[in-house]
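Keep the viewer open as you read, and take the points in any order.

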Amino acid sequence: MDENAINNLKEALLLNPDNIPLKQYYAEVLLKANRLDEAEKQYVELLALYSDKKSEAGLARTYFAKGEFSKCNVILEEILSRNEHDPDILLLYVQALIKENALQKAVEIYTLLLKHNPNYRNEDIDGILRLPAHQSGDSEDEESGVFIQRPTYTFKDVGGMDNVKKQIDLKIIKPIAHSELYKAYGKKTGGGILLYGPPGCGKTFIAKATAGEVGSRFISVGLNEILDMWIGNSEKNLHQIFEIARQNTPCVLFFDEIDALGASRSDMKHSSGRHLINQFLHELDGVDNNNDGILVLGATNTPWNLDSAFRRPGRFDRIIFVPPPDESARESILKIKLRGKPTESVDYAAVAKKSDHFSGADIEALIDIVIEEKLELSFADGIPKPMNTKDLINALKKHKPSTQEWFATAKNFALFANDTGLYDEILTYMKIKK
Ligand SMILES: Nc1ncnc2c1ncn2[C@@H]1O[C@H](COP(=O)(O)OP(=O)(O)OP(=O)(O)O)[C@@H](O)[C@H]1O
Ligand SMILES: [Mg+2]
């Protein structure tokens with residue numbers, strides 16, 4: 001609308017100052033013309049005359065356009081408190097919350113929007129809030145959501161962990177590669193592997209490498225991070241994640257922080273948490289749906305928080321302890337991580353020997369310390385200075401291994417809550433039991 005027309009409207013309004021629809025129209029026009037201060041003034045006056053949703057939403061929109069998101073949100077919160085489900089208003093609220101970085105709340109409101117407007121979809125918002133992208137038929141090879149990755153590294157890039165590699169191979173890789181053989185013998189397949197152990201020892205890393213190993217997609221679900229945001233709509237979303245996996249086989253479906261579903265967490269004791277666990281087990285069992293081609297892996301630092309229903313056959317029926325790397329594993333991790341970087345006659349065995357209790361992540365941190373020192377020395381002449389044995393051994397003192405704390409806790413569970421012998425591996429590792 002051109003300026004002239006806006007001025008005409010203004011004139012008309014001077015003659016009819018209490019004509020609310022006219023005033024609303026004028027305010028709307030001002031907002032569209034990006035004359036935000038004037039729009040704000042009109043809406044404030046309108047609301048003083050007569051409070052209605054249209055003017056409230058208009059004022060909220062004006063604040064949004066002005067970048068005053070918290071003012072915008074105060075109004076929207078008020079509208080919402082009256083049980084409002086208008087998708088435009090909910091969408092505005094979601095957008096303002098995203099601007100304010102209140103993502104958790106944004107997911108909550110967006111979920112509400114979807115609940116009341118089931119056919120509504122906004123791909124931009126889906127992307128930002130990391131909701132699973134809905135499936136379009138043509139996405140054959142396209143990475144259809146942020147969850148889906150195609151890891152490029154394989155078991156070769158994982159140092160040590162021979163037992164874990166072997167178990168993963170036998171339990172989930174072979175059954176997919178040779179499904180006819182398994183069928184011929186009537187041997188059941190299915191079920192997943194749960195990895196547990198101290199932080200930084202390669203649980204997440206090997207899960208990804210498994211996908212690289214079989215050349216499949218990798219779908220990672222951080223339960224703490226994601227499902228918490230979805231309370232209320234979690235079951236549906238969990239189902240959606242499994243559906244995405246089913247449409248992207250073969251794939252590794254990885255549940256990180258699976259203890260988030262643990263029944264001993266107080267919020268999981270409530271019925272909503274129980275529903276979520278049941279939904280998860282239902283999906284895992286693949287009763288209504290076919291889980292062929294899905295390799296299920298899970299990881300946790302606190303297996304003792306996990307509901308025992310998870311461990312039944314066909315579910316996480318193999319539970320593997322991932323200990324800190326032993327000396328020879330540390331040696332291979334050092335070699336892997338230093339590969340292709342400037343080094344000079346490094347005695348890997350000597351560094352491995354002196355790095356007791358170091359996790360893979362600790363070894364990475366160690367190398368990082370040396371790299372930073374070397375970088376500083378290299379700035380002057382621009383020539384990279386190689387890392388050597390002494391550098392690495394000196395750096396050992398500058399980094400405290402991060403695995404010990406976990407054992408202090410784990411020991412108690414292994415000693416006092418080990419009825420089924422589930423934690424024998426911890427005791428063996430700690431040399432408490434043979
Ligand atoms: N065995 C290993 N071989 C090669 N790299 C490793 C190994 N273990 C750990 N790393 C390195 O350490 C990083 C951290 O490991 P990862 O994230 O897999 O630990 P995690 O066991 O999942 O820990 P958390 O319990 O904290 O989630 C990895 O990104 C990887 O680079
Ligand atoms: Mg991890």
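At what angle do helix H2 and helix H4 pack, and how far apart are their axes? Please keep in mind throughout that this is a predicted model.

1. Start with helix H2 (residues 20–32) and helix H4 (residues 53–66): they pack at an angle of about 20 degrees, and their axes are 11 Å apart. Because angles under 35 degrees count as roughly parallel, H2 is roughly parallel to H4. The crossing of H2 and H4 is left-handed.

2. Next, look at who meets whom. From H2 come Gln24, Ala27, Glu28 and Leu31, which meet Lys54, Ser55, Gly58, Arg61, Thr62 and Ala65 of H4. By class, the residues of this contact are three nonpolar, four polar and three charged.

3. Now turn to ligand 1, which has 19 residues around it; Pro199, Gly202, Lys203, Phe205 and Gly360 come nearest. Helix H11 (203–214), helix H16 (327–338) and helix H18 (360–378) are the elements that give two or more residues to this shell. The shell holds 10 nonpolar, seven polar and two charged residues. Ligand 1 lies between domain 2 (148–321) and domain 3 (327–396), because both give residues to the shell around it.

4. Two backbone details deserve a visit. Thr249 and Pro250 are joined by a cis peptide bond, with omega about -5 degrees. You will find Pro250 in the loop between helix H13 (234–247) and strand E4 (251–256).

5. The other detail is His357, which is not a glycine and yet has a positive phi of about 70 degrees. His357 sits in the loop between helix H17 (348–354) and H18.

Note on methods: Residues are numbered from 1 along each chain as its sequence is written. Chains are lettered from A and ligands numbered from 1 in the order in which they are written. This is a predicted model: local features need pLDDT of at least 70, side-chain atom pairs count only at pLDDT 80 or more; totals for chains, interfaces and linings use all residues. Axes are lines fitted to C-alpha atoms, for helices over the stretch in contact, and angles run from 0 to 180 degrees between N-to-C directions. Helices (H or I, at least four residues) and strands (E, at least two) are DSSP runs, numbered from the N terminus. Angles under 35 degrees count as roughly parallel, over 145 as roughly antiparallel, 65 to 115 as roughly perpendicular and the rest as oblique. A crossing is left-handed if the near helix is turned anticlockwise from the far one by less than a right angle, and right-handed if clockwise. Two residues are in contact if their C-beta atoms, placed from the backbone, lie within 7 Å. Ala, Val, Leu, Ile, Met, Phe, Trp, Tyr, Cys and Pro count as nonpolar, Asp, Glu, Lys and Arg as charged, and the others, Gly among them, as polar. A residue is near a molecule or strand if its C-beta atom, placed from the backbone, lies within 6 Å of it. Domain bounds come from an automatic or database domain assignment.
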